[in-house]
Amino acid sequence: MTANVTEPAPPTVDPSPTEPAGELDKSNARVREMFRQIAPRYDLMNHLLSLNIDKYWRSQAVKRLRLIPGVPALDVCTGTGDLAIAIADAAPDGVEVVGSDFCYAMLEIARRKRVAGSRSESIDFLEADSQQLPFASDRFQCVTVAFGLRNVADTDRGLREMTRVCRAGGQVMVLEFSKPTLPGLRQTYNFYFKHILPRVGQWFARNNKSAYSYLPDSVSRFPDGQALADRMQAAGLTDVKFTPLTFGVCTIYEGTKPESNSNPDGDPQ
Ligand SMILES: C[S@@+](CC[C@H](N)C(=O)[O-])C[C@H]1O[C@@H](n2cnc3c(N)ncnc32)[C@H](O)[C@@H]1O
């Protein structure tokens, strides 16, 4: 079932993109509709186009989480829920895992992936805009996002929200594509990403939003390495570090919410 027939309108805020604007439309409406269209094929395409390495990348992210019993964990832009499920499977007893996303069709697939009798059964998948999370401040022991922050219209607002709902001393983690720098690999990657992936992706996951041209476009415009680490620091995180994976095709970014910081910009909560 592609559950978009009775799709309720999710809460949204006006997008105010902070990346170099160019022509890339990252409005909430475009991004949500694009994921609605590709949702039924999203998992297949992910595993196919990444040659299954995406599973390894998420597992590396989960390994870095210091999960403690009794405090909830949040995965934003959770999509079809793979990272939330991996967190639930790795967590000690008593960790409530929540996955949020603003695309109902993606969440419906995530909900169907919960396995009865396993830890994933209790994951709460709920609809929310990552720029305006419906959670109290300082609630989660970790807040993660995998391949989602790049799609959020206002990156900094998304990062500030992740930081706000994380509790002091907790981890904020971003897993995102980055641009490999190794000569030779960079050219091969660029060729694959710009010429092969969009064609194969569009063919398999038909949509009228050019989803698989949007992917390399959005990656090439999105900050990576130190530039994204700086944005995380500006959002109020400390000890921000990043670890490239698979020759820099993907990078894990980690930061800690300091004891004293709850809202660096004084935005209304
Ligand atoms: C590339 S998918 C990643 C899904 C998943 N995290 C994974 O690892 O496969 C990006 C997801 O971000 C969601 N998204 C983009 N902008 C969002 C926003 N402002 N609020 C909530 N979800 C958003 C999309 O709906 C989509 O499900």
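This is a predicted model: local features need pLDDT of at least 70, side-chain atom pairs count only at pLDDT 80 or more; totals for chains, interfaces and linings use all residues.
Me: How are two packed helices described?

Reply: One gives the angle between their axes and the distance between the axes. Here, helix 6 (residues 185-204) packs with helix 7 (residues 211-221) at about 155 degrees, the axes being 7 Å apart. Angles over 145 degrees count as roughly antiparallel, and helix 6 and helix 7 are therefore roughly antiparallel to each other.

Me: Which residues of helix 6 and helix 7 meet?

Reply: Helix 6 contributes Tyr189, Phe193, Lys194, Leu197, Pro198, Gly201 and Gln202. Their counterparts in helix 7 are Ala211, Tyr212, Ser213, Leu215, Pro216 and Val219. By class, this contact has nine nonpolar, three polar and one charged residues.

Me: Which residues come nearest to the ligand?

Reply: Of the 21 residues around the ligand, these are Tyr42, Cys77, Asp101, Ser130 and Ala146.

Me: Which atoms of Cys77, Asp101 and Phe102 lie by the ligand's nitrogen or oxygen atoms?

Reply: For Cys77, a backbone N or O atom lies 2.8 Å from a ligand nitrogen atom. For Phe102, a backbone N or O atom is 3.2 Å from a nitrogen atom of the ligand. Asp101 instead uses its side chain, with an N or O atom 2.7 Å from a ligand oxygen atom.

Key. Residues are numbered from 1 along each chain as its sequence is written. Side-chain values use heavy atoms; hydrogens and water are left out. Axes are lines fitted to C-alpha atoms, for helices over the stretch in contact, and angles run from 0 to 180 degrees between N-to-C directions. Helices (H or I, at least four residues) and strands (E, at least two) are DSSP runs, numbered from the N terminus. Angles under 35 degrees count as roughly parallel, over 145 as roughly antiparallel, 65 to 115 as roughly perpendicular and the rest as oblique. Contact means heavy atoms within 4.5 Å. Ala, Val, Leu, Ile, Met, Phe, Trp, Tyr, Cys and Pro count as nonpolar, Asp, Glu, Lys and Arg as charged, and the others, Gly among them, as polar. A residue is near a molecule or strand if one of its heavy atoms lies within 4 Å of it. A polar contact is a pair of N or O atoms within 3.5 Å; within protein, one must be able to donate a hydrogen and the other to accept it, and residues adjacent in sequence count only if both atoms are side-chain atoms.
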